[in-house]
Structure formats: C-alpha cells, structure tokens
Amino acid sequence: MTADTFSKGLWRENPVFVQVLGMCPVLAVTNTAINSMAMGLATLFVLVMSSTLVSLLRHLIPKQVRIASFILIIATFVTAVDYVIQAISVELHKALGAFISLIVVNCIILGRAEAFASKNGVLDAMKDALGMGLGFTFGLLCLGGVRELFGSGSLFGWHVLGPHFEPWVLMVLPPGGFFTLAGWLWLIELRKGRAT
Amino acid sequence: MFPTFARGVHPPQLKTTAEMPVRRLGFAPELHIPLGQHIGAPAQCVVKVGQRLERGSLIAEGRSFVSASIHAPVTGTVRKIGWLATPQGQRIQGIVLASEPGAGQEHVPFRAPPDLNDPGQWVDAVARSGLVGLGGAAFPTHVKLKVPDGRNVDTVMINGAECEPYLTADHRAMLEWPDDIVSGSLLMKKVLGAERVVIGVEANKMDAVKALERASNNCVDIRVVQVKYPQGAEKMLIRALLRREVPAGGLPMDVGVVVANVQTAAMIARLVPKGLGLVERIVTVAGDAVEKPGNYLVPIGTPVGFLLQSAGVVPDCQRVILGGPMMGVSVADLQLPITKGTSGVLAFKTAQDHESGPCIRCGYCVQACPMSLNPAAIMRSARGGDLDGCVQYRLRDCFECGSCAFVCPSKIPLVQYFRQAKLDLRKQPVAV
Amino acid sequence: MSQLFPLFLDACLINNFILAYFLGICPFLGVTREVNTSARMGGAVIFVMLVSSVCAFGVNALLTGLGVEFLRLISFIVVIASTVQLVEMAIKKLSPALFRSLGIFLPLITTNCAILAVALFQTAREYRFLQCVTYALGAGVGFFLVLVLMASMRQHLDLSDTPKSVKGTVLALVVAGILSTAFMGFAGMGGGS
Amino acid sequence: MKALLLKGAPHLNSERTTAYIMWHVCWALLPAALWGIWSFGLSALSVLVVCVGAACLADFGFTSRFHRLGSLSDGSAVITGLLLGMTLPPSVPLWMAALGSLVAIGLGKHAFGGLGQNLFNPALVGRAFLQAAFPAAMTRWTPPFLSDRFQSFLAGSWTIPFARPQLDAISGATPLGLLKFDHMSSHISDLFLGQTAGCIGETASVLVLTGGAYLALRRMLDWRIPIAVMGSVFVISGVANQLNANYPDGLFMLGSGGLMVGAWFMATDMVTSPVTTGAIWLFGVLIGFLICAIRFWGGLPEGVMYAILIANATVPLLERFTQPKAFGGQP
C-alpha cells in the first residue's frame with residue numbers, strides 16, 4: 001500500500017499520460033527540457049507542500065469551505081514559488097511567465113488535495129503528492145525533451161544533433177505541443193493495445 | 001424542356017421490350033396466391049380445400065377498410081390453404097390453386113354489375129374487384145376514392161411515367177388500352193368530384209402520348225414529363241405536373257390529388273362495370289438471361305419460375321429481380337408468385353456486384369435525393385448507431401428510391417442502411 | 001479604437017487562448033463533445049471573463065495602491081471564485097432560463113485557467129481599463145469560437161471509423177494541433193506581434 | 001439453374017467509381033504540374049516524384065498497419081502527393097518533401113481513419129507542417145526558366161536528410177512577396193501564363209483553371225466552391241483596390257500565388273468540403289474572405305493554405321446548420 005501510494009503516480013496513474021490532467025503547463029512550457037524541468041519541480045513543490053498542509057488541517061477545515069481553503073493554501077505556495085524562481089533566474093521566470101502563477105488552477109493539485117490529502121494521513125499524502133509530482137515532472141520532461149530535440153536540435157541546451165541539423169521550428173511552437181502529446185498518448189495506447 | 005422535379009438521377013433506360021405487344025402465356029399447373037398482396041390487412045379466405053373454382057370467382061374477401069379482395073386467376077381446385085413464402089423472407093397465409101388442364105381464358109363475373117351512378121356502390125365495387133395500385137405499391141384503390149370529410153380533391157392524376165429501367169408494362173398498357181385508361185380515369189374523376197384528369201407520361205414514350213391523345217377526346221389532359229428517375233414516384237409526379245409538394249409524411253390527398261397507375265385506371269374500366277375481379281396483370285419479363293423477353297398478361301399467383309421458363313431463361317442465370325432494377329427485390333426462391341404489385345421479372349446472367357468503399361463525401365447523393373435529404377449524413381448516423389441523428393436528418397421521409405445508392409461512387413449500399421435503421425426505429429419504444 | 005481592434009484580434013485569433021497558450025485545455029478536451037453544450041459553456045466563459053477582468057482590474061488597482069502586490073494571485077483567485085458565485089446567484093434570480101442553460105458550467109469555470117490568465121496577463125501587460133475589457137472580450141470570443149469548432153468536429157468524428165488507438169483524446173489533440181497550425185496564418189494580422 | 005444471388009436494391013449502379021474520380025483529378029492536375037517541371041527543371045520533377053512516391057509508400061504502410069479500407073489503386077494517395085509537391089517551392093530539399101508526404105498521409109489522413117474520414121485536406125496538412133517547421137526552406141524561391149534547369153539540380157534539392165539546406169546562387173521572389181515586401185506589382189499576363197517564381201504547380205494559373213474546369217464540367221468537382229472562392233476574392237479585393245490603390249486588384253489576386261490551385265483543387269477536395277448547398281457557398285466565401293484578410297492584413301504574403309485549413313475545420317459546423325430544406329416542408 002505504502003509503496004503503491006508513491007509509485008502509482010509515476011506510471012499507472014500518471015497525471016500527464018493517463019489522467020491527462022493539468023494540460024495547460026504540459027503543453028505551454030514544454031518547448032525546452034529546462035523549462036519542463038523547472039515547471040515540473042515547481043509543481044512538485046507546490047503539490048507536496050499543499051498536500052501536506054491540507055492533510056494536516058483536514059480535521060480543522062469545515063466541509064463547506066474546503067475547496068476555497070485548498071485554493072488559498074495552494075495560492076500561497078504558488079506565490080512563494082513564483083518569488084523563489086524570480087530570485088534564482090530572471091530568465092527562467094520570463095520563459096515560464098504567467099504559467100507559474102497558473103499552477104494555482106492546475107487540476108492535479110486541487111484534485112490530489114480533494115481526492116487524497118483531505119482523506120489520508122500526512123505521510124501518505126506526502127508520498128502520494130511526491131509520486132504524482134514526480135510523475136508530472138517525468139511527463140513534462142518526456143514532452144519537453146522531444147520538443148527541444150526536434151525543435152532546436154538540443155537537449156537541456158546541449159546541441160546533441162550537431163551543427164548541421166535543421167531545426168523543426170514547428171515543434172517549439174504551439175502545434176508541436178499538441179502533436180507531441182498526441183504522439184506520446186498514441187504510443188501508450190498502442191502499447192496497451194498489445195498488452196490486452 | 002418538359003417539367004420535372006428537383007434532383008433525381010438518370011439510370012440507363014434499357015427499355016428493350018417497349019415494342020413487344022402484351023401476350024398471354026399458358027397457365028401454370030399450380031398457382032400460389034398470397035392473401036396479403038396489398039398494403040393493409042390480408043383478405044379473409046372464403047373457400048375450402050378441394051373446392052372447384054371458376055376463373056374470376058371470389059376466393060378471399062377484404063373485410064377491413066384498407067384491404068382488397070382476391071379472385072381465382074384460373075379455373076381449378078383449391079389444393080392447399082397454408083403458409084407461403086414472400087420475397088421479404090417472411091411467411092404469409094395463402095391459397096394454392098391447381099389449375100384445370102385445358103382451362104380457358106374466359107373470366108366470369110363474381111357479382112352483378114354495380115350501378116355506376118351510385119358513388120357508394122361504385123367505390124364498394126372497386127374494393128370487391130380487388131383493385132390495388134398496379135404500379136408496385138399495391139395500395140387498395142378504393143381507399144383513395146373515398147375522400148374524407150373536409151378534404152377536397154381537384155385532380156385525378158394518372159401515372160404513366162414508368163421511370164424504372166427495363167419496365168415497359170405500363171407503356172404497353174397505354175399503347176394497347178388507351179380507351180380503358182381514359183374511361184377509367186374519367187370514372188375516378190366522377191366519383192371524386194374532381195375538376196380534371198391529368199395523365200403524366202415520360203418523354204421517352206411519345207407513342208403512348210399519341211395513343212392516349214387519340215383516345216382522350218380532349219376530356220383528359222395528357223402531359224409529358226422529363227425522363228428522370230424517380231419521376232414515377234407519386235410525390236415527384238405531382239411536383240412535376242402541378243408544382244405542389246406533398247408534405248412530409250402526408251398523402252397526395254393532402255394537396256388535393258389522387259394518383260393512380262395507368263394499369264390501375266385501365267383495370268377500373270375493364271373490370272368494375274362488368275362485375276369482374278382482378279385476376280391478371282401485365283408483367284415485363286426482361287434481362288440478359290431471358291431468351292424471349294416481352295410483356296405478358298400473367299395470372300396472379302403464377303410462380304416466377306414458371307414465367308421465366310415460359311419466357312425461356314438461360315441456365316447460367318445468376319440473379320432474378322421482382323420489380324424494376326432500382327427498387328425491386330432480388331429473390332432466390334423461384335416458387336414465389338407474381339402478385340398484384342409485380343410489375344416486372346428481370347433475370348440476369350451476371351451478378352454485377354461492386355465492393356463498397358469508404359464514403360468520400362462527394363455529395364452526389366445529396367444532389368440526387370428527390371426528397372432533398374442528406375443520404376450521406378443519414379448513413380453515417382445509421383452506421384454509428386445514432387438513431388436520433390437518423391430521425392433528425394429525416395430518415396422517415398426516405399422512400400427508398402435508390403437514387404443515392406445508384407450514384408454513389410463508393411458503391412455504399414445506402415438503402416440497406418436506411419431499411420435497417422427504419423426497422424431499428426420501429427423496434428424502439430415510442431418516446432412520450 | 002484604432003488600438004483596440006488589433007488587441008481584440010490578437011486575443012481572439014492570433015494568440016488564441018486555446019490554440020496558442022493552451023489555456024482552458026481541460027474544458028476544451030472535456031466539454032467539447034456536443035456543439036450545443038460547448039456553445040453554452042463558451043457563452044458562460046465570455047461572460048465570466050468580462051466580469052472577472054473588470055473586477056481584477058479594480059482589485060489590482062487597489063493592491064498596487066496599498067503596496068501589497070504579493071497578495072495579487074491570492075486575491076485574484078478569491079475574486080474570480082466569488083464573482084462566479086455572485087454571477088451564478090444573480091443569473092438564477094434574474095433569468096432562470098439562462099441559468100438552466102449556463103448553470104452547470106459556472107462552477108466549472110472557477111477552475112478554468114483561462115479566466116485567471118486573463119487577469120494575470122492584463123496585469124502583467126499593464127493594460128488600461130478599456131484595453132482590459134477588449135482583451136477579455138477577445139479572449140472569450142476566441143475561446144468560444146475554438147470550443148464550438150472543436151465540438152462540431154469531434155461530434156462529426158464520433159461517428160467516424162477511426163482506429164481505436166487514436167479515437168478520443170489523441171485525435172482531439174491532433175485536430176487541435178492542425179487547427180493551431182492553421183491559426184498561425186493569422187500571425188501579424190492587425191499589425192501586431 | 002445455378003443458385004441465385006441476393007442483393008439489396010438498387011440493382012443498377014452508375015459507372016462512376018471513387019477510383020475513376022480520383023484518377024481524373026490526377027490527370028487534370030498534370031498540365032499544371034508539367035508546366036512546373038518545364039519552368040523549374042529537374043529539381044521540380046524530383047520533388048513531384050518524391051512526394052508522390054512517399055505518399056504512396058506511406059499510404060500503403062498505414063493502410064496495411066491499421067487494416068483500413070481503400071488502397072493505392074484508388075488514386076487518393078497519388079493526388080495527395082501530387083498536390084503537396086505542386087505546392088512546394090522547387091528548391092525544397094527532397095527529404096523535406098518526403099517528410100511532408102509522410103505527415104500528410106499519416107497525420108492528415110490515417111490519424112482520422114483513412115480515406116473519407118479526414119477533416120483537413122491531407123496535402124495542406126503536410127504543407128502547413130513543412131511551412132511551420134522549415135519556414136526558411138519553404139520560402140526560398142527560384143526564378144523560372146533558368147538556363148541550366150535540365151542540366152543540374154538546384155543546390156537545396158539533394159541536402160542530406162535532416163541537415164540544413166544549402167543556399168541557391170540565384171533566388172527569386174513570388175509576385176505576392178514582391179507586392180507585400182517591396183510594393184512591386186507584376187504583369188497580369190505573367191501571372192496567368194506561368195512566367196513568375198512560385199510553387200511548382202501554382203504558377204500557370206491558366207493551366208490550373210483548365211484542369212479544374214474540365215473536372216467541373218464532368219462533375220468531378222463542385223463548381224460552386226471555386227466560383228464562390230474566386231468571386232468573393234474578386235469582389236473583396238476589387239472594393240479594397242477602389243478604396244485604397246495599395247491593395248492589389250481582383251485579377252492580380254486571382255492569378256497570384258496558390259489561389260487557383262487552392263480554389264479548384266484543394267478547397268474542392270470532396271472529403272473535406274461540405275455536401276449541402278448552403279454550406280458549399282458559405283465555405284467558398286469564407287475561404288475567399290480569409291485569403292483576402294491574410295494577404296491584405298496579415299504578416300504573410302500568402303494565405304490560401306491557412307484559409308482552406310480553417311474553412312475545413314468549419315465544415316461540420318456549417319453542415320449542421322445547412323441541411324437541405326425538406327421536400328414538402330416539415331410535418
């Protein structure tokens with residue numbers, strides 16, 4: 001149970017590939033691997049912190065206002081992350097833009113708070129959040145890696161495909177996000193089809 | 001340009017038997033007479049097994065309003081009363097009549113001639129004569145002759161369009177019985193209190209137009225319509241000749257018209273005043289598997305196999321169709337009888353069968369549908385199991401003329417999809 | 001006026017919220033199964049966007065005046081949630097018919113990132129009041145347009161004989177990708193970007 | 001007598017089959033394609049060959065992989081390849097042309113379930129993909145009738161796959177590009193008679209028109225669509241030209257760029273165009289309007305491709321609201 005609480009988010013209930021939740025950042029900031037990584041970690045942080053806090057306060061929060069309280073808790077952490085990233089790298093903050101703030105309305109975080117953290121103990125909530133957050137980061141990296149590789153010929157900024165590679169500009173543009181996610185989901189469907 | 005309706009298609013005409021006068025064949029040894037050959041309730045059998053009947057005597061009586069009586073097509077003995085097969089694959093009650101060797105063509109009245117001046121008695125006589133629409137739909141004729149209160153019929157329209165390829169039975173009827181057609185239609189006009197009689201004939205039958213004009217004495221209006229399929233559908237003929245559109249789900253009477261086929265009109269004049277019953281009809285026998293194609297006056301109940309053998313069918317015949325090639329049914333059982341609605345028997349050597357491909361949305365079907373439906377959309381809904389979608393796209397207005405399937409470049413069996421969807425709709429509980 | 005129309009075009013077509021910013025993808029994938037439903041949803045989004053944009057403008061002015069910008073995100077969230085609540089109650093009272101057709105979507109809209117994004121973008125770009133309203137209207141109309149287009153296409157595709165592995169989300173994303181590519185044709189329209 | 005075969009009515013079918021229509025579209029495209037080869041030489045020929053070949057290969061692969069209906073013999077893959085090739089610049093690297101075909105067939109056609117199911121014109125999906133992915137290579141134009149066009153390939157053609165293409169020594173500009181960026185107009189006769197730079201198959205508007213008109217007369221494309229597209233473009237640009245002489249006039253608009261190919265062969269693609277009367281006219285006018293809007297006010301010189309793709313997306317919606325009027329009215 002405990003191992004499962006952690007690992008299910010990594011693959012079996014992966015928020016990106018299986019639940020297809022929180023798509024705005026998945027598609028918007030994954031034009032490079034670095035951005036994906038940063039976005040994933042930021043989400044991971046907010047997810048773990050808010051899940052922990054929600055789980056701690058789960059007996060104190062009245063049922064009627066729980067959603068509003070969850071949002072407030074999340075918004076607080078998001079604001080913190082926003083300022084932290086700005087402090088680390090202005091450039092990164094610029095690249096991610098408003099999407100850091102938009103973590104607030106990422107369905108995964110509110111979803112985990114509502115579906116898991118508010119009903120389980122602190123340790124389980126943390127494990128669940130960590131699993132989901134890592135799964136989310138993994139999903140973002142899968143997209144960001146492919147998009148950066150084709151779109152710029154590089155990975156995390158290194159030119160892995162050599163100087164003569166003609167970048168596919170489309171991949172770092174919005175359509176590339178749609179196509180790449182579609183491609184990953186299709187591959188997963190095909191694998192499932194073979195398994196069953 | 002002759003008047004017509006919007007859309008429609010131009011299949012090859014293939015009217016190879018147009019020059020062949022109507023002939024009689026011998027009687028089949030055994031005739032199979034279904035009791036329900038018409039739209040409505042089956043007739044009630046009034047004979048017993050072993051009973052001897054004369055040609056023309058009543059064998060089944062239409063007792064409800066929408067029904068028609070049936071008469072013995074040949075002098076002979078009732079051999080069996082039981083289940084008969086139908087082209088649709090169902091079974092229906094019917095009478096098997098063994099014809100007497102050497103039976104003659106004389107035709108006895110089954111009742112005294114009616115008083116033609118008494119409309120009630122006259123319409124009743126039409127019902128008892130067993131007259132139904134001989135164009136193919138087989139709707140009891142007398143039902144059309146009773147105008148409900150508050151309705152007004154101003155036009156009697158006689159349908160001589162005969163738009164189906166191959167078929168020439170109506171054409172021959174117009175050439176050989178023009179006087180009967182004219183007097184039959186005038187009788188209808190009289191009983192309906194209509195103002196005029198309009199006979200619509202497709203432009204490929206100008207000889208028939210001339211024959212009718214000679215017989216008409218200017219009492220009826222003979223009009224030529226464009227050669228186009230399905231010009232013979234009554235809604236299309238009304239649209240072409242009167243520019244009136246029968247409302248969806250309605251009848252010609254809703255726009256003040258009663259339509260009858262030319263053979264029906266001719267039979268009214270030939271049978272009703274003499275107290276005779278309907279025992280035979282003109283059937284076109286054609287197709288490349290027939291050695292002696294032609295138009296035959298065939299007793300009702302004659303097995304298709306007997307008719308084909310008399311007309312000489314080649315051994316490698318692969319497909320037999322009852323009716324025309326556009327709306328007829330293909331049959332495998334040659335024991336099936338000719339009924340009042342059978343306008344043709346076609347036999348072909350090759351079973352021309354195209355493999356159907358995916359719909360490429362060419363829109364040919366939309367431009368062909370005489371009811372201005374969107375067949376491609378109905379087909380999509382039907383195939384996807386979306387019956388609500390079918391209804392929204394007005395599947396119920398479709399009368400299965402087959403124009404869409406004819407033009408479809410992907411050879412999709414559209415009509416089959418529509419039939420199946422209509423069956424499924426009937427099974428569905430009616431929404432409150 | 002001459003600056004407002006390009007702004008409208010920019011928010012509506014060139015940088016369409018769904019196709020260029022991926023905002024509101026959840027309802028885009030979730031609600032776009034039926035044209036009528038998505039048209040209502042889109043209508044509700046236009047409405048809420050306008051109202052919350054105006055409210056956010058006011059709140060931002062207030063926060064800047066007080067010098068507590070770090071509360072911006074939290075206040076925006078609160079404002080939007082409460083606006084939606086108020087709008088819901090108001091519609092229920094004023095027009096039951098409208099409520100029946102929009103009602104169920106209003107709570108959903110609270111977590112629609114497109115609404116929050118309008119507030120955040122207009123603040124980040126320091127739009128003036130009229131610009132805010134235009135921007136919100138453009139974003140809403142663009143959202144509506146793409147939502148309805150997508151719904152009609154998906155309804156059409158539902159009856160198609162699509163490979164099983166593609167049917168559903170994958171195909172929706174492919175369609176969105178192609179549509180997004182096609183919308184790149186609007187780039188530079190109105191002299192912007 | 002043998003066993004009789006059963007079949008549902010109707011028992012007659014028109015002679016015209018899907019393959020017959022598709023191959024006729026191919027024949028109708030040939031004059032313009034041949035002109036492209038004549039004016040741009042070996043490179044243009046190889047682009048067309050590679051596009052058609054790759055499209056056929058991809059179609060064969062996807063059809064057998066997903067057990068779809070349809071086959072190469074219906075000619076639809078050839079049309080896609082040919083149309084794509086005709087809308088590419090002559091100097092485009094051949095590997096890009098092949099990739100475009102793969103995307104066109106894979107993403108544009110088989111992702112939707114194969115022939116007849118796609119919402120967007122496959123050739124345009126392929127082209128839009130290339131345009132967005134490789135904007136530089138897709139906007140490098142070659143002047144027509146270079147003297148050595150049948151002796152040597154253009155420099156870009158044989159670029160190693162995935163590598164950056166070499167630049168050509170001589171480059172030209174399309175009439176639309178000249179107008180947009182240099183405010184230079186071109187002779188109307190040059191536009192219609194294929195004397196300008198541009199995509200392989202789009203320069204000779206007269207030949208495109210001839211092929212299209214032939215198909216329209218044989219009812220293998222719906223004449224209402226090109227008429228609506230050309231009519232609306234002509235009217236809108238005519239009015240704009242009257243109001244402000246900086247805008248090109250109607251004839252220039254009709255003869256330049258991919259308008260003719262788009263109006264006669266792309267917009268009329270049976271699968272992705274509407275079938276109902278009202279929708280057909282709306283569809284055509286929408287394309288015409290979008291072409292004018294993008295060419296006049298957008299950042300790009302040409303907008304036919306985008307206009308048609310966007311209009312493709314509206315087809316299901318347009319058809320919903322334009323079902324044919326019921327015979328006899330509603331009950």
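Predicted model: local features only at pLDDT ≥ 70, side-chain atom pairs only at ≥ 80, totals over all residues.
Author: Contact here means heavy atoms within 4.5 Å.

Reader: How many residues of chain D are in contact with chain B?

Author: On the chain D side there are 44 residues, and they are in contact with 60 residues of chain B. Among the five pairs of chains that touch, chains B and D have the most contacts.

Reader: What area do chain D and chain B bury between them?

Author: About 4,500 Å² is buried between chain D and chain B, with 56% of it on carbon and sulfur atoms.

Reader: Which salt bridge does D:E319 form?

Author: Start with the general idea. Side chains of opposite charge can pair when their charged atoms come close. Here, D:E319 pairs with B:R361, and the closest N and O atoms are 3.0 Å apart. The count between chain D and chain B is one salt bridge.

Reader: Which helices of chain D supply residues to the side that touches chain B?

Author: Helix 1 (18–40) and helix 13 (304–321) of chain D each supply at least two residues. Helix 1 of chain D gives the most to that side, with three residues. By class, the side of chain D that touches chain B divides into 22 nonpolar, 13 polar and nine charged residues.

Reader: How do I read the contact of chain C with chain B?

Author: Four residues from chain C and six residues from chain B take part. Chain C and chain B bury about 410 Å² between them, 49% of it on carbon and sulfur atoms. The count of salt bridges between chain C and chain B is zero, while two residue pairs are in polar contact, both residues at pLDDT 80 or more. On the side of chain C that touches chain B there are two nonpolar residues, two polar and no charged.

Reader: How far apart are the nearest C-alpha atoms of chain A and chain B?

Author: They are 22 Å apart, and chain A and chain B do not touch.

Reader: How many salt bridges are there over all chains?

Author: A search of the whole structure finds 25. One example within chain B joins the side chains of B:E100 and B:R52, at 2.6 Å from N to O.

Reader: Why does the pair of B:E100 and B:R52 tie together parts that are apart in sequence?

Author: Look at where each residue lies. B:E100 is in the loop between strand 8 (91–99) and helix 1 (119–128) of chain B, and B:R52 is in strand 4 (residues 52–53) of chain B, so the pair ties together parts that are 48 residues apart in sequence.

Reader: How do I read two helices that cross?

Author: Take the axes, then the residues that meet. The axes of helix 3 (residues 169–176) and helix 5 (residues 206–216) of chain B come within 8 Å and cross at roughly 35 degrees. The crossing of helix 3 of chain B with helix 5 of chain B is left-handed. From helix 3 of chain B, B:H171, B:M174 and B:L175 meet B:D207, B:A208, B:A211 and B:L212 of helix 5 of chain B. This contact has five nonpolar residues, one polar and one charged.

Reader: What should I look for in the backbone?

Author: Most residues other than glycine have a negative phi, and most peptide bonds are trans. Against that background, a cis peptide bond joins B:Y229 and B:P230, with omega about -5 degrees. B:P230 is in the loop between strand 11 (221–225) and helix 6 (234–242) of chain B. In chain D, D:A9 and D:P10 are also joined by a cis peptide bond, with omega about -5 degrees, and D:P10 lies in the segment before helix 1 of chain D.

Reader: Where does B:R361 lie, and what is the phi of B:R361?

Author: B:R361 lies in the loop between strand 17 (344–348) and helix 9 (364–368) of chain B. Phi of B:R361 is near 55 degrees, a positive value in a residue other than glycine. B:R361 is also the residue that forms a salt bridge with D:E319.

Key
Residues numbered from 1 in each chain as written. Chains lettered and ligands numbered in written order. Heavy atoms only, no water. Axes fitted to C-alpha atoms, helices over the stretch in contact; angles between N-to-C directions. Helix = DSSP H or I, 4+ residues; strand = E, 2+ residues; numbered from the N terminus. Left-handed = near helix turned anticlockwise from the far one by under 90°. Nonpolar A, V, L, I, M, F, W, Y, C, P; charged D, E, K, R; others polar. Buried area = accessible area lost by both parts, 1.4 Å probe. Salt bridge = Lys/Arg side-chain N within 4 Å of Asp/Glu carboxyl O. Polar contact = N/O pair within 3.5 Å; in protein donor to acceptor, adjacent residues only side chain to side chain.
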